[in-house]
Amino acid sequence: MRIAILSDIHANEEALRATLLAIEAEAVDRILCLGDIVGYNTNPAECAALLRRAGALCVAGNHDRAATGQIGTEGFGLTAARAIAWTRRRLDGDLRDFLAGLPLKLGIDGRIVAVHGALHPDLGCELVRLDNDERRLLSFEALAAHPSGARICAYGHTHRAELHEYRDGQIRRLSGDEIALRHDAYYLLNPGTVGEPRIGDPRASFVVLDLADHRVSFRRVAYDRSVAVGKTRKAGLAPPLIFLPEPVRAALKRSLRAFRLHGAAREALRRLRP
Ligand SMILES: [Fe+2]
Ligand SMILES: [Fe+2]
């Protein structure tokens, strides 16, 4: 069975359309979406409709649950909370029911467990960021004890495409676009983000997991990001930096980085003083 796994669409219709088109060419048997269908961008209803039309199996992300009021926006950044308030005002009954009905965890054929944030803990797992080995270990332990016998946990939320392996008590980050999986290891697999890139590659990202071949393929999809950014800006939802032209933003980021480095160096020198 070949499964396309995608996550963190964040109401970016252009990114999702391009991604679904790329998935069509992959001849997959199933599409699995790891949540955060809404938030940040301006096409929540369109994205939910596209996923439903594609027959995607979905779990709930923290932005989906916040949009329906199942959780609050404490802990959300200013831009994220503003987009949730905007989305709440535009949810119709159908979209609200769809989002509110999404499960937090989903198993597929005893082979994969799908979550948004982490496999642990039972309560609030959609808010946990699997961005360090301490947390990864807790989710690996939950996976090893999972009654389904699954060895792969697919998760999103960090917006970072990556694969970690757990074997002989060690966690290893695996690199490469095509990775063969072992039968005696456990895996945490993140397909990255479709619609809300943070740093580095701005393209949409997804993975194809081939359960027969025991292989993961990371894919990137180029699309015209300026359309979604333009709509987000017009709706007043863009973060302040996005209003500036790209060369100015790049220069500002460089200065900020230099300023931070300068501060870190000063702090290190201060500590060296008796
Ligand atoms: Fe997200
Ligand atoms: Fe999230």
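**Notebook: an iron site and a helix pair**

I looked up the site of the iron ion (ligand 2) and recorded it as irregular, with angles of 91 to 160 degrees among its four donor atoms. The model is predicted, with local features needing pLDDT of at least 70 and side-chain atom pairs pLDDT 80 or more. Residues are numbered from 1 along each chain as its sequence is written.

I listed the donors (N, O and S atoms within 2.8 Å of the metal). Asp36 (OD), Asn62 (OD1), His116 (NE2) and His157 (ND1) coordinate the iron ion (ligand 2) at 2.2 Å. I noted their sequence spacing as D-x25-N-x53-H-x40-H. His116 lies in the loop between β5 (112-114) and α6 (133-144) and His157 in the loop between β6 (152-154) and β7 (161-167), so the two histidines tie together parts 41 residues apart in sequence. I found His116 buried (under 20% relative accessible area), at 0%; His157 is also buried, at 9%.

I then checked Asp36, which bridges the iron ion (ligand 2) and the iron ion (ligand 1), 3.3 Å apart.

Next I turned to the helices. The axes (lines fitted to C-alpha atoms) of α1 (residues 13-24) and α2 (residues 44-53) come within 9 Å and cross at roughly 15 degrees. This makes α1 roughly parallel to α2, the cut-off being angles under 35 degrees. For contacts (heavy atoms within 4.5 Å), I recorded Glu13, Leu16, Arg17 and Leu20 in α1 meeting Glu46, Cys47, Leu50 and Leu51 in α2.

Note on methods:
Chains are lettered from A and ligands numbered from 1 in the order in which they are written. Side-chain values use heavy atoms; hydrogens and water are left out. Donors are N, O and S atoms within 2.8 Å of the metal (3.2 Å for Na, K and Ca); water is not among the atoms, so sites may look incomplete. Four donors count as tetrahedral if all angles lie between 85 and 135 degrees; four count as square planar and six as octahedral if opposite donors are over 155 degrees apart and all others between 65 and 115; anything else is irregular. Helices (H or I, at least four residues) and strands (E, at least two) are DSSP runs, numbered from the N terminus. Buried means under 20% relative accessible area, exposed over 50%, partly exposed in between (1.4 Å probe, protein chains only). Axes are lines fitted to C-alpha atoms, for helices over the stretch in contact, and angles run from 0 to 180 degrees between N-to-C directions. Angles under 35 degrees count as roughly parallel, over 145 as roughly antiparallel, 65 to 115 as roughly perpendicular and the rest as oblique.
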